[in-house]
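Reader: I would like to learn how to read side-chain features in a model. Please take them one at a time, with the general idea and then the case.

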Amino acid sequence: MARRTPYPPVFWVANGVEVLERFAYYGIYMGFGIYMESLGYSKGQLGIVQGMFLFLSYVVPLFSGSFADRFGFKKVLIISYIAYLPSILLLILTRSFSGIALTMLSIGLAAGIFKPLISGTVRAVTDQSNKTLGFGIFYAMVNVGATFGPIIAGKLRAISWNYAFMAAAIGIFLMLLITVFFYKEPPRQIEGITLKDKMKDIWIALSDVKFSVFLVVLGIFFWVPFWSFFNLLAMYIDKNLDTARMYFDLQAVFGTAVADFFSKVDDDGKRRILGETISHDGYIIMLFQIFVSRFAEKYKAIPTFMFGLFIASMGFVVIGIAIFTSPMWVFLGITLFAIGEMISSPRIQEYITWIAPKEKAGLYMGANFLATGIGGALSGPLYTSLYGYFRDMGHAEYVWYTLAGHVIA
């Protein structure tokens, strides 16, 4: 067996920065719907902000890699922090809808600039002997940050929303210090692709009509429900499930210390689970991704992808019925959704590399960000608004059944 090349210090520096960025990003994003509701804004207004935020977060990376190639990873990382830090701090100062919307757009822009740079660093400093493990570590760090960010932010917002935003800002400031003092530009082959070249490449990929239609279908029928899960779940748990009962159920299974970690004492003196602390699947992915991937790789891509969609749709149904059975059922729903995601998402990425011309595989994979952006842009205006409508009817759970039908379609 070939000896694995050791990772250089910049690999670990980059992964540490990734943990902090995901901590800040998801710390704000997962509880954002609860925050907007606390200010009295409608679900329609929230959906508009969510859609624009996600669109920028996933379309800007199409172009930010070109700037990193030209100016260097370190400089562009610092530029992303300069956009990130004041934007987060502005959340402490602004309460108007236009102010919040513009601030979240700035955060989405900063996240989009940042997104390809750490994975690019990992790619630059790994080789055939350590690449698979290196990206495994990277994805684990993504989920570590995405798991603990909402937990810490949730505990802090129980005291004051400003504390939650300050924690995210501190995370970005630490990223700046770490990057300035410890991040060393990784040696790599410069592609020399200009922004004009990038636009031309994207146009070439999209001129493949069948591929363009495929991206639209993928955006509407996979990424819209995917992002709707993250847009809605924290609000649904926090506002529609019996979180006081959930606290006692968690306490009975895992003990008081664990239940307290995910909860707050409400104004009526009861302990309640904070919606955003459990409303994602990062902790499920950390535990089961390797096992699910090993199972899924044995089967063909598209049937496996569709099976993953079916499992995710069952997760939506279970989340819906948690409202009138037991709130603990939401954990089963999250687990089923996570399994569906772990099956579907990697296989559809793999499928895209298969259908692309070999010399254009990277180009087609880059264009795939457009499908993600389409889904993000539509998810808020469609499903956050629909959740508000169903919730006003007294049947918030209907949105999950609608999402299940959407995925089955």
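Reader: Is D249 buried, exposed or partly exposed?

Author: Accessibility is sorted into classes: buried means under 20% relative accessible area, exposed means over 50%, and partly exposed lies in between (1.4 Å probe, protein chains only). D249 has a relative accessible area of 24%, so D249 is partly exposed. Before going further, note that this is a predicted model, in which local features need pLDDT of at least 70, side-chain atom pairs count only at pLDDT 80 or more, and totals for chains, interfaces and linings use all residues. Residues are numbered from 1 along each chain as its sequence is written, and side-chain values use heavy atoms, with hydrogens and water left out.

Reader: With which residue does D249 form a salt bridge?

Author: A salt bridge is a side-chain nitrogen of Lys or Arg within 4 Å of a carboxyl oxygen of Asp or Glu. D249 forms one with R245, and the closest N and O atoms are 4.0 Å apart. R245 is partly exposed, at 38% relative accessible area.

Reader: Where do D249 and R245 lie?

Author: Helices are DSSP runs (H or I, at least four residues), as are strands (E, at least two), and they are numbered from the N terminus. D249 and R245 are in helix 11 (residues 243-254); they are four residues apart, so about one helical turn separates them.

Reader: How many salt bridges does the structure hold?

Author: There are ten salt bridges. One of them joins the side chains of R157 and D238 (3.2 Å, N to O). This pair links distant parts of the chain, with R157 in helix 7 (residues 131-157) and D238 in helix 10 (residues 209-240), 81 residues apart. R157 is buried, at 9% relative accessible area, and D238 is buried at 17%. Another salt bridge is formed by R272 and D266, with the closest N and O atoms 2.9 Å apart. D266 has 22% relative accessibility and counts as partly exposed.

Reader: Which residues are linked in a network of salt bridges?

Author: The network consists of R157, D238, K239 and E276. E276 is in helix 13 (residues 275-278). At 2% relative accessibility, E276 counts as buried.

Reader: What does E276 touch?

Author: Contact means heavy atoms within 4.5 Å. Setting aside residues up to four places away in sequence, E276 touches M30, G31, I34, P150, G154, R157, W161, A234 and D238.

Reader: And G219: with which residues is G219 in contact?

Author: Leaving out neighbours within four places in sequence, the contacts of G219 are V224, A371, I374 and G375. G219 lies in helix 10 and is buried, at 0% relative accessibility. The C-alpha atoms of G219 and L370 are separated by 7.9 Å, although the two residues are 151 residues apart along the chain.

Reader: Next, aromatic rings. How many aromatic pairs are there?

Author: Rings of Phe, Tyr and Trp (its six-membered ring) pair if their centres lie within 6.5 Å; planes under 30 degrees apart count as stacked, over 60 as edge-to-face and the rest as tilted. The count comes to 36 aromatic pairs. In the pair of F11 and W12, the ring centres are 4.8 Å apart and the planes stand at 90°, so the pair is edge-to-face. F11 is buried, at 0% relative accessible area, whereas W12 is partly exposed at 47%. The pair of Y25 and Y29 is tilted, with 6.1 Å from centre to centre and 40° between the planes. Both tyrosines lie in helix 1 (residues 9-29), four residues apart, about one turn of the helix. Y25 is buried at 2% relative accessibility, and Y29 is buried at 5%.
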